[in-house]
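Please open the structure in your viewer and keep a selection tool at hand. The stops below say what to select next and what is to be found there.

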Amino acid sequence: LETGAGFPFAINNSTGWIVVASELDREAVDFYSFGVEAQDQGNPPMASSASVSVTVLDVNDNSPEFTQREYGARLNEDAAVGTSVLTVSAVDRDANSSGGGLISLALPLDYKLERQYLLTIAASDGTRQDTAQVVVNVTDANTHRPVFQSSHYTVNVNEDRPVGTTVVVISATDEDTGENARITYLMEDSIPQFHIAAETGAVTTQMELDYEDQVSYTLAITARDNGIPQKSDTTYLEILVSDVNDNAPQFLRDSYQGSVYEDVPAFTSVLQVSATDRDSGLNGRVFYTFQGGDDGDGDFIIESTSGIVRTLRRLDRENVPLYSLRAFAVDKGVPAKRTPVEIQVTVLDVNDNPPVFERDEFDIFVEENSPIGLVVARITATDPDEGTNAQIMYQIVEGNIPEVFQLDIFSGELTALADLDYETKAEYVMVVQATSAPLVSRATVHVRLRDANDNSPQLKNFEILFNNYITNRSGSFPGGVIGRIPAHDPDVSDSLTYAFEQGNELNLVLLDPRSGALRLSPALDNNRPLEAVMRVSVSDGVHSATAQCTLRVTVITDEMLSNSITLRLADMSQERFLSPLLSRFLEGVAAVLATPRHRVVLFNIQTDTDVGTARILNVSLSVLLPASGHGARFFSSEELQERLYLNRSLLAAISAQRVLPFDDNICLREPCENYMRCVSVLQFDSSAPFLASDTILFRPIHPVTGLRCRCPPGFTGDYCETEIDLCYSSPCGSNGRCRSREGGYTCECHEDFTGE
């Protein structure tokens with residue numbers, strides 16, 4: 001092998017293998033060409049040579065490198081998407097690895113939002129890479145035009161402002177920066193009265209203004225920026241010249257006259273004044289006032305806008321017949337100018353005084369049964385007016401239906417047109433009216449009839465039912481007034497007198513002849529039943545009436561009470577039961593029990609007070625057995641309850657009354673403690689007062705339901721708290737042994753003995 005210094009190959013002398021002797025670098029030498037020689041060991045040795053070419057193949061052993069470590073570029077903000085920004089390049093010593101990259105715009109730019117972008121770029125050969133920085137500066141483009149806040153401005157300026165007055169400062173905004181945002185203002189048309197400052201947009205006057213010459217100006221103002229190309233916006237400025245108050249109001253007439261009736265209501269218009277003002281706007285706007293003038297002591301007002309003069313309250317010509325007023329027309333300038341005017345108002349007379357009655361209410365007393373056509377009274381009124389205004393007409397306007405009275409239209413005489421009966425109607429109340437058109441007055445007339453004795457007393461047959469319960473207690477007999485004779489006289493002024501005509505020769509019933517009060521004779525305080533029929537008369541001094549009075553005395557015994565029951569009637573009162581339902585009720589009970597009616601003894605009627613607002617009447621009774629004679633026997637309470645309750649529909653049909661279920665036994669509520677036994681006890685009160693209806697006086701015997709608590713066997717004490725040793729008395733005798741237990745004892749018999 002022909003070699004030189006640093007030659008990277010070697011050959012094995014024996015085998016002929018060529019090997020790499022040192023590191024290869026394709027980037028330094030990529031091709032080798034050399035010769036080799038083969039020589040034998042003969043003598044003379046023989047040799048042969050050949051040419052060898054070696055190509056060094058590339059491997060990725062070098063990284064790419066950018067040509068610059070930092071790149072810079074500038075790009076206008078209005079560049080289009082896709083615009084090329086910058087080309088960067090990188091070098092790689094490996095084969096086929098060099099190249100470049102193009103940076104382009106992907107999204108629109110906005111100078112206001114981002115002015116610089118710092119990019120990091122990378123070059124890679126797939127395994128190795130290199131990075132570099134790219135700085136892209138965004139430059140402002142004249143992308144925005146100046147913009148006024150409004151397309152139209154309106155300002156006011158007084159006509160008396162001096163030359164050089166700043167009217168308004170117009171400004172526009174530009175979202176660009178620098179020169180692109182610097183704005184210059186100018187007027188499109190030359191108007192000699194105004195000037196605009198190019199830098200500030202201030203509009204000032206250059207000449208005096210005159211409202212009467214020209215009331216408004218319209219300026220076209222343009223704002224331009226200094227960008228390339230220039231952009232602009234235009235607005236319109238309307239300058240309104242304001243009038244100043246240099247003219248006073250002028251009335252159309254030198255003075256005004258008017259008239260008004262004194263009876264007109266408040267706020268009635270009287271006349272209208274009118275004034276004009278050569279000025280305009282508020283300076284020429286006129287309002288009217290009495291302030292500083294004369295409003296007739298507050299009797300008149302003037303409408304500020306229309307100039308209409310109105311009354312503020314009712315006028316009285318008799319007090320003030322003529323008003324001299326003074327009003328002003330005032331403009332609304334600053335300062336205001338005002339002009340006075342004189343106004344005369346004549347008050348015209350009217351019929352403004354109503355008729356007046358002597359008093360508001362009249363009381364007239366008339367005898368009943370007075371003849372038809374009688375003048376019962378004269379009702380008049382007075383009118384302070386004169387002439388026809390004082391003429392009065394009378395009429396009845398209320399309370400005369402049907403027509404019982406007539407009032408003369410001119411004289412006021414009140415005449416009766418019908419029979420006057422005190423018992424039919426004792427008083428007539430009418431409203432009369434006095435008219436002096438259109439004014440009226442009213443008064444109330446009370447016609448009160450005086451009662452005459454023209455009716456007879458009224459008296460029905462009536463009964464006195466006295467249930468006499470004989471007890472050991474004294475004072476149970478009713479010694480006081482038990483009621484009154486049920487007489488009535490329609491004539492309220494009559495005084496009645498009462499008397500027994502027959503049947504009361506033994507004075508069993510004591511009568512007060514003036515009041516009709518009834519008392520029972522003490523002779524009735526015995527155990528004998530009684531029925532007496534008497535004749536009673538009542539008189540008013542002129543007329544009289546008679547009726548039959550029946551006294552029935554029923555002796556109530558303990559046996560009767562112990563065999564009694566109490567029925568409960570729904571929706572019933574004591575008065576309604578006594579008259580007229582008592583008779584039907586007795587017939588119904590007798591029919592259910594198949595016994596004569598006179599054997600049904602009803603001894604108590606009492607309103608149930610334990611049921612709140614419900615109207616329930618308790619009726620207590622006992623019934624004699626049909627076949628009983630001397631030594632009468634009664635239905636037992638249990639049988640009465642069963643038969644009457646089971647046949648309550650028949651009882652209801654006959655008596656026209658609804659029977660309710662029996663009330664619960666008081667012991668069902670278990671009022672006793674400590675296992676005490678409850679025993680119901682029925683007691684009776686014989687001191688109840690008489691009940692009265694229009695045909696019956698009834699003396700009830702009130703039952704009082706109570707209870708007793710009895711201790712069980714083996715206990716005693718107020719609350720059964722003490723136990724008794726029942727074996728103490730040796731109840732088992734000598735042949736047994738007593739054993740105590742709770743509530744009693746047991747007996748254990750001795751040997752050879754048995755029994756209880």
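Predicted model: local features only at pLDDT ≥ 70, side-chain atom pairs only at ≥ 80, totals over all residues.

The structure holds 15 aromatic pairs, where rings of Phe, Tyr and Trp (its six-membered ring) pair if their centres lie within 6.5 Å, with planes under 30 degrees apart counted as stacked, over 60 as edge-to-face and the rest as tilted. Start by selecting Phe148 and Tyr185, which form a tilted pair at 6.4 Å centre to centre with 50 degrees between the planes. This pair links distant parts of the chain, since Phe148 belongs to strand E11 (residues 147–148) and Tyr185 to strand E15 (residues 183–187), 37 residues apart; helices (H or I, at least four residues) and strands (E, at least two) are DSSP runs numbered from the N terminus. Both Phe148 and Tyr185 are buried, where buried means under 20% relative accessible area, exposed over 50% and partly exposed in between (1.4 Å probe, protein chains only).

Next, select Phe251 and Tyr256, an edge-to-face pair with 6.4 Å centre to centre and 70 degrees between the planes. Phe251 is buried because its relative accessible area is 13%, and Tyr256 counts as buried because its relative accessibility is 5%.

Residues are numbered from 1 along each chain as its sequence is written, and side-chain values use heavy atoms, with hydrogens and water left out.

Two arginines come next. The charged end of Arg338 sits over the ring of Phe328, 4.1 Å from its centre, the criterion being NZ of Lys or CZ of Arg within 6 Å of the ring centre and within 35 degrees of the ring normal. Arg648 lies over the face of Tyr645, at 4.0 Å from the ring centre.

Now display helix H3 (residues 574–593) and helix H4 (residues 637–646), whose axes come within 10 Å and cross at roughly 100 degrees; axes are lines fitted to C-alpha atoms, for helices over the stretch in contact, and angles run from 0 to 180 degrees between N-to-C directions. H3 and H4 are therefore roughly perpendicular to each other, a class that covers 65 to 115 degrees, while angles under 35 count as roughly parallel, over 145 as roughly antiparallel and the rest as oblique. Val589, Val592 and Leu593 of H3 and Leu640, Arg643 and Leu644 of H4 make the contact, meaning heavy atoms within 4.5 Å.

While H3 is on display, select Ser579 and Pro580, which are joined by a cis peptide bond with omega of about 15 degrees; Pro580 is found in helix H3. A cis peptide bond also joins Ala437 and Pro438, with omega of about 5 degrees, and Pro438 lies in the loop between strand E36 (427–436) and strand E37 (439–450).

Move on to Ser411, in the loop between strand E34 (405–407) and strand E35 (413–416). Leaving aside its neighbours within four places in sequence, Ser411 is in contact with Arg378, Ile379, Thr380 and Tyr394.

Where does Phe267 lie? Phe267 is in the loop between strand E21 (255–261) and strand E22 (269–272), and its phi is near 75 degrees, a positive value in a residue other than glycine. Phe267 is partly exposed, with a relative accessible area of 48%.
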